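Me: Please take a close look at the inside of this protein, and say how the rest is placed around it. I am new to this structure.

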Amino acid sequence: MGAMIKREQPSGNTWQFSPESFSKIKGIMYEHVFTAGSTLFWEGDEAEKLYYLEKGSIRLTKTADDGKDLCLYYFRDGDLFGELQYPGQQGKMSYTAEVLQDARVGVIQQRDLEILLWQHGDLAIEFSRWLGYMQRLTQVKLRDLMFHGKNGALASTLIRAANTYGVLDGGTIHFTEKFTHSELASLIGATRETVNRMLNQLKKQQVIDTEQGRIVIGDLPALKSICHCEECPLEICRL
């Protein structure tokens, strides 16, 4: 195998903030450490905090009416996430945050953030841009799940995973993380058996392969064709 090249990816999802503005946000954080396998928060907990993942890996899942878990986000170093209450409402967390790798997390209380935004107009504008970005990220993921069938949803998920955990080796993309069929199924709202069947079909078509349990994408244009890829920027096209 030749030299492998890391795909260019944005570092975290806080690129809308200037360094000066984000240093102000860091100033109101208090740090917690969470071990792999623990839970940062549960679906239904009170929504009153944001979380800045300084180091580690966390995924957000939502439980459907049939009891199945749907994975909507993977967060890594430099990502900001969470939910806040709206005025006059007692908001609840929409997701459960599972810690995949030991994590160091900065916790931001809503009341402290509101004071900071009131004091700094530039920061408030940047924060609104971040909210808009997170809303767009959710919208494009839901679009992929709803409008192009399970095949399109899987193709889109593989592309997002490649942008998040992929390295280039000539004309192929090698995943640095292993994804089980069950994990892929939870990302697209399908059964493990369905995902297994679709992956086998992609292998027969030589679109993907596996090496040591990790996925290798051999024909990225074919995946893009399946999901009608709109060539979203990398900061949007991610897990």
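Reply: A residue counts as buried under 20% relative accessible area, as exposed over 50%, and as partly exposed in between, with a 1.4 Å probe and protein chains only. This is a predicted model, in which local features need pLDDT of at least 70 and side-chain atom pairs count only at pLDDT 80 or more, while totals for chains, interfaces and linings use all residues. Residues are numbered from 1 along each chain as its sequence is written, and side-chain values use heavy atoms, with hydrogens and water left out.

Along the principal axes, the C-alpha atoms take up a box of roughly 60 × 45 × 35 Å. The radius of gyration is 19 Å, which agrees with the value near 18 Å that a compact globule of 239 residues would have. That radius is taken over C-alpha atoms, and the globule rule is 2.2 Å times the number of residues to the power 0.38.

Now the inside. Of the 239 residues, 45% are buried. The largest nonpolar core has 69 residues, where a nonpolar core is a set of buried Ala, Val, Leu, Ile, Met, Phe, Trp, Tyr and Cys residues joined through side-chain atoms within 4.5 Å. Ile58, Phe81, Leu158 and Ile217 have the most contacts inside this core. Helix H4, residues 149-165, gives the most to the core, with 8 residues.

Setting aside neighbours within four places in sequence, Leu158 is in contact (heavy atoms within 4.5 Å) with Phe175, Leu199, Leu202, Ile208, Ile215, Ile217 and Leu223. Ile217, in this list, is also one of the residues with the most contacts inside the core.

Leu53 is found in strand E4, residues 49-63, and is buried because its relative accessible area is 0%. Beyond its neighbours within four places in sequence, Leu53 is in contact with Ile58, Phe75, Arg76, Asp77, Gly78, Asp79, Phe81, Ala103, Arg104 and Val105. Ile58 and Phe81 in that list are among the residues with the most contacts inside the core.

Glu98 lies in strand E7, residues 96-109, and counts as partly exposed because its relative accessible area is 22%. Apart from residues up to four places away in sequence, Glu98 touches Ser38, Ser57, Ile58, Arg59 and Thr61. From C-alpha to C-alpha, Glu98 and Thr61 are 7.7 Å apart in space, although 37 residues apart in sequence.

Strand E8, residues 166-169, holds Val167 and Gly166. Gly166 is buried because its relative accessibility is 0%; Val167 is buried because its relative accessibility is 11%. Gly166 is 49 residues from Ile215 in sequence and 9.4 Å from it in space, C-alpha to C-alpha. Val167 and Asp102 are 65 residues apart in sequence, with 23 Å between their C-alpha atoms.

Across the protein, 76% of the contacts between residues at least 6 apart in sequence join residues at least 24 apart.

His228 is exposed because its relative accessible area is 52%; Glu231 is exposed because its relative accessibility is 53%. Phi of His228 is near 55°, a positive value in a residue other than glycine, and phi of Glu231 is likewise near 55°.

There are 27 positive and 31 negative side chains, and the centres of the two sets lie 4 Å apart. Lys and Arg count as positive and Asp and Glu as negative, without His and the chain ends; each charge is placed at NZ of Lys, CZ of Arg, CG of Asp or CD of Glu.

How values were computed: Helices (H or I, at least four residues) and strands (E, at least two) are DSSP runs, numbered from the N terminus.
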